[in-house]
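Biologist: I want to learn how to read helix packing. Please show me the model and take me through it.

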There are 2 protein chains.
Amino acid sequence: MGWSEAKKRALAMLEDHIKAGRIDDDMLDLLRAINNRTDLFTTSSCSGRIQLYETELPGTKFGLRTVKKWHRPVEVEELVLNGDNLWMAMLPPILHVSARDMRSALLFISTARRSGFKRGGINSAKNFKVNIEVQGTERMDVPLILDRRIVVPGDVLPRVVDRANRLLVRSKVRIRRLTEMLQENL
Amino acid sequence: MGWSEAKKRALAMLEDHIKAGRIDDDMLDLLRAINNRTDLFTTSSCSGRIQLYETELPGTKFGLRTVKKWHRPVEVEELVLNGDNLWMAMLPPILHVSARDMRSALLFISTARRSGFKRGGINSAKNFKVNIEVQGTERMDVPLILDRRIVVPGDVLPRVVDRANRLLVRSKVRIRRLTEMLQENL
């Protein structure tokens, strides 16, 4: 399977995901702007999120259970404070993109970095595809419960949630900026 | 300036940094293992750290002031809890490496990923240098004081510090693993 065929399949899969409501609205314009380039296509993405997860120690997928996630700011009342070890994370937007060649991959990364997707780069290159991951820098990983003890008391929790919300909103600005930079450049 | 000349200069600068005690001991073997490769050299690194910093909102260098940092586990008593907005971060090891060509860059990234440096990749390629950034996945960013209010009370703070310490220790295992993989491969 060549690159063009791989892109065709990826776009068909993306249309299925969009119809099924699995793609966050915030992300649609950016995915289209990338896929409009003849030398790029998207393989997966997340528009940034706030999530509650159970784990003793973060950083590995193993032993981590996602309790709830939101791709928008949350209200304190929405948080379900249960479990032995509960963490709240704000994860920045992430994009996986496949490029036809090194030149177009490096050009995309340079544009992404200038719009605030400063983490990531080319991860691998095989079967005629150059695989890219880029991610924003904003991030929080706060323990809310450790060993069944409340870490953040109820009276300051709204401040912590407010910071996570502001960080999420700021990280979503990167999405718009990258979309516009790609559109202007067409 | 060609690649070999750039490597020679980078190694000389590294020796200066080592003599001045600016390179963390944890990192020395790994830096040597990378620099022993004819097609790679290191440009900067951090072995992972716990740090206290003041900022209203994390994620940007602008408006962030580092209060204190440790490249080893910390004791609760070492934390200085001052300021209007104080955060504690555990940042994973990070490596910046320059490769002679795409092939050796991709090979290094693949090895790095297998040892747990799963974030990052090729960031740019110019002037005969392929520039790589790789980083571990472990991370914490916890607010300790927000708007002059204590977020994590003193009785649970030791648990939060313990988690940061365990995360730091685990992230340093990646350094050893990557060192060994590179040495075996020589």
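Biologist: At what angle do helix α2 and helix α4 of chain B pack?

Modeller: Two packed helices are described by the angle between their axes and the distance between the axes. Here α2 (residues 25-35) and α4 (residues 157-184) of chain B pack at about 30 degrees, with axes 9 Å apart. Axes are lines fitted to C-alpha atoms, for helices over the stretch in contact, and angles run from 0 to 180 degrees between N-to-C directions. Helices are DSSP runs (H or I, at least four residues), numbered from the N terminus.

Modeller: This is a predicted model: local features need pLDDT of at least 70, side-chain atom pairs count only at pLDDT 80 or more, and totals for chains, interfaces and linings use all residues. Residues are numbered from 1 along each chain as its sequence is written, and chains are lettered from A and ligands numbered from 1 in the order in which they are written.

Biologist: How are α2(B) and α4(B) oriented to each other?

Modeller: They are roughly parallel, a term for angles under 35 degrees.

Biologist: Which residues of α2(B) and α4(B) meet?

Modeller: In α2(B), they include B:L30 and B:I34; in α4(B), B:I175 and B:L182 are among them. Contact is C-beta atoms, placed from the backbone, within 7 Å.

Biologist: How do α3 and α4 of chain A cross?

Modeller: The axes of α3 (residues 102-114) and α4 (residues 157-184) of chain A come within 9 Å and cross at roughly 135 degrees. A:T111, A:A112 and A:R114 in α3(A) meet A:L178, A:M181 and A:L182 in α4(A).

Definitions and conventions
Helix = DSSP H or I, 4+ residues; strand = E, 2+ residues; numbered from the N terminus. Parallel < 35°, antiparallel > 145°, perpendicular 65-115°, else oblique. Contact = placed C-beta atoms within 7 Å.
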